[in-house]
Amino acid sequence: MDLLAPPAPRSLQLLIAPPAHQQNIVTRFTADLALAGSVRVLDGGNRFDVLRVNRELRARRRQFYSALKRVQVARAFTCYQLVSLLKQTAGEDKKPTLVLNLLTTFRDENVPLPERQRLLASALHWLDQMAHQAPVMIILHPPLEDDPFLKPLRGAVDQQWEFESPRTSVQLSFF
């Protein structure tokens, strides 16, 4: 995790990490960005933990209250809400943005696949617009092998990182 820095200026980045690592990375990035200025968190999976960010900022013992006030959180529960949120956010002030679990909202089987693909293309457009103004980092859980939304997403980003889940060790028996 020390190899990663908060999002680079004017770029669209993708980070794929297992849930345990993801929480630590999101907490650290949010705290770092909040101490430097404003940060926007767009949560597509309803997993952003403000309490962890609160604890991280308290542990650093610097500008706790003012930094916490600079964290703006918005949640989307459907692919329609996410695209609307991205469209609205693209026209707002320039601030670094973390987009969490973007693809979760596009896995809703109640929405036909062609419609979800169209909405993803729209979401990628708005993310690109946002990335021209300020850094944007998309953070995902490891996707399924046959995820139809991952390929377009990978093609739209400027830089990407992927962490693998640690493999569990098996104790071999001599008998």
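1. Buried means under 20% relative accessible area, exposed means over 50%, and partly exposed lies in between (1.4 Å probe, protein chains only). Asparagine 101 is buried, at a relative accessible area of 3%. Its place is the loop between strand 4 and helix 5.

2. Basis of the note. This is a predicted model, in which local features need pLDDT of at least 70, side-chain atom pairs count only at pLDDT 80 or more, and totals for chains, interfaces and linings use all residues. Residues are numbered from 1 along each chain as its sequence is written, and side-chain values use heavy atoms, with hydrogens and water left out.

3. Overall layout. The chain has six helices and six strands. Both are DSSP runs numbered from the N terminus: helices are H or I with at least four residues, strands are E with at least two. Along the sequence the pattern reads β-α-β-α-α-β-α-β-α-β-α-β. Of the 175 residues, 44% count as buried. Contact means heavy atoms within 4.5 Å. Among contacts between residues at least 6 apart in sequence, 80% join residues at least 24 apart.

4. Main core. A nonpolar core is a set of buried Ala, Val, Leu, Ile, Met, Phe, Trp, Tyr and Cys residues joined through side-chain atoms within 4.5 Å. The largest one has 31 residues. Leu102, Phe106, Leu127, Ile138, Leu140 and Leu153 have the most contacts inside it. Strand 1 (12–16), helix 4 (79–90), helix 5 (113–133), strand 5 (136–140) and helix 6 (150–156) each supply at least two residues. Helix 5 gives the most, with seven.

5. Leucine 153 and the second core. Neighbours within four places in sequence aside, leucine 153 is in contact with Leu14, Leu102, Leu103, Leu124, Ile138 and Leu140. A second, separate core has 21 residues, including Ile25, Phe29, Phe48 and Leu100.

6. Helix 4. This helix has 12 residues and reaches 16 Å from first C-alpha to last, close to the 16 Å expected at 1.5 Å a residue. The expected span is 1.5 Å times one less than the number of residues. Cys79, Leu82, Val83, Leu85, Leu86, Thr89 and Ala90 are its buried residues. Seen down the axis of helix 4, they fall within an arc of 160°, so they line one face. That arc is taken over the directions from the helix axis to the C-beta atoms. The buried residues pack against strand 2 (39–43), strand 3 (71–75) and helix 5. The face turned away carries the exposed residues Lys87 and Gln88.

7. Aromatic pair. Rings of Phe, Tyr and Trp (its six-membered ring) pair if their centres lie within 6.5 Å; planes under 30 degrees apart count as stacked, over 60 as edge-to-face and the rest as tilted. The count comes to one pair. The ring centres of phenylalanine 106 and phenylalanine 149 are 6.0 Å apart with planes at 45°, so the pair is tilted. Phenylalanine 106 lies in the loop between strand 4 (97–100) and helix 5, and phenylalanine 149 in the loop between strand 5 and helix 6, so the pair ties together parts 43 residues apart in sequence. Phenylalanine 106 is buried at 0% relative accessibility; phenylalanine 149 is buried at 2%.

8. Backbone points to check. Most residues other than glycine have a negative phi. Asparagine 101 has a positive phi of about 50°. Asparagine 46 also has a positive phi, near 55°. Asparagine 46 sits in the loop between strand 2 and helix 2 (50–60) and is partly exposed, at 44% relative accessibility.
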